[in-house]
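This report concerns charged side chains and their pairing in a predicted model.

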Amino acid sequence: MKYQKQALVGLFGMGLIASPWLSKLPAQFNTYNTATTIQQSEELERIKAEERAATSQKINELGVSPSFKKLRMQNYLDISKRNPRPNTTGYLEDELVFVYDSTGRCIGRIEERQWKWKYRFKGACNDSPLYSDAGN
């Protein structure tokens, strides 16, 4: 009982000394959680890239060409003055692929390895399905 006041003052002083360190703990927890989340997302992206590379390598080994029914032109808006001219070399003779601009509007089709633009070939977009990201 004789030294109780002095002990309490000492503990209070130690608490004041440790308070800046203790006040930074919540921010450090947030930083750690953010770093962990970023590390996990980077790991997931790395795994996805490895799987894509393995799939691409397997497709090349087998000589199978993937078939797509829809093609979306990035950074192109549908205007009649600029023909996008997509590359048609990777498509088969009997393949029919509808081509869409970046907003999802039909701009033409690739048929028999020929680009048929809707402003040159009337009816090029007839019977074109609606573009959706999931249906690609």
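A salt bridge is taken here as a side-chain nitrogen of Lys or Arg within 4 Å of a carboxyl oxygen of Asp or Glu. By this criterion, the side chains of Asp78 and Arg105 form a salt bridge, with an N to O distance of 3.4 Å. Asp78 belongs to the loop between strand S1 (70-72) and S2, and Arg105 to the loop between S2 and S3, so the pair ties together parts that are 27 residues apart in sequence. Asp78 is buried, at a relative accessible area of 12%, whereas Arg105 is partly exposed at 47%.

The structure holds seven salt bridges, including those tabulated below.

| Salt bridge | N to O distance |
|---|---|
| Glu43 and Arg46 | 2.4 Å |
| Asp78 and Arg105 | 3.4 Å |
| Glu93 and Arg113 | 3.9 Å |

Glu43 and Arg46, by contrast, are both in helix H2 (residues 25-62), three residues apart, about one turn of the helix.

Asp101 is located in the loop between strand S2 (96-100) and strand S3 (106-111). Asp101 is buried but has no salt bridge, because its nearest oppositely charged side chain, Arg105, is 5.2 Å away and the limit is 4 Å. The side chain of Asp101 instead reaches two backbone nitrogens: that of Asp78 at 3.1 Å and that of Gly104 at 3.0 Å.

How values were computed:
Residues numbered from 1 in each chain as written. Predicted model: local features only at pLDDT ≥ 70, side-chain atom pairs only at ≥ 80, totals over all residues. Heavy atoms only, no water. Helix = DSSP H or I, 4+ residues; strand = E, 2+ residues; numbered from the N terminus. Buried < 20%, exposed > 50% of the residue type's maximum accessible area, 1.4 Å probe, protein only. Lys, Arg positive; Asp, Glu negative; His and termini not counted. Polar contact = N/O pair within 3.5 Å; in protein donor to acceptor, adjacent residues only side chain to side chain.
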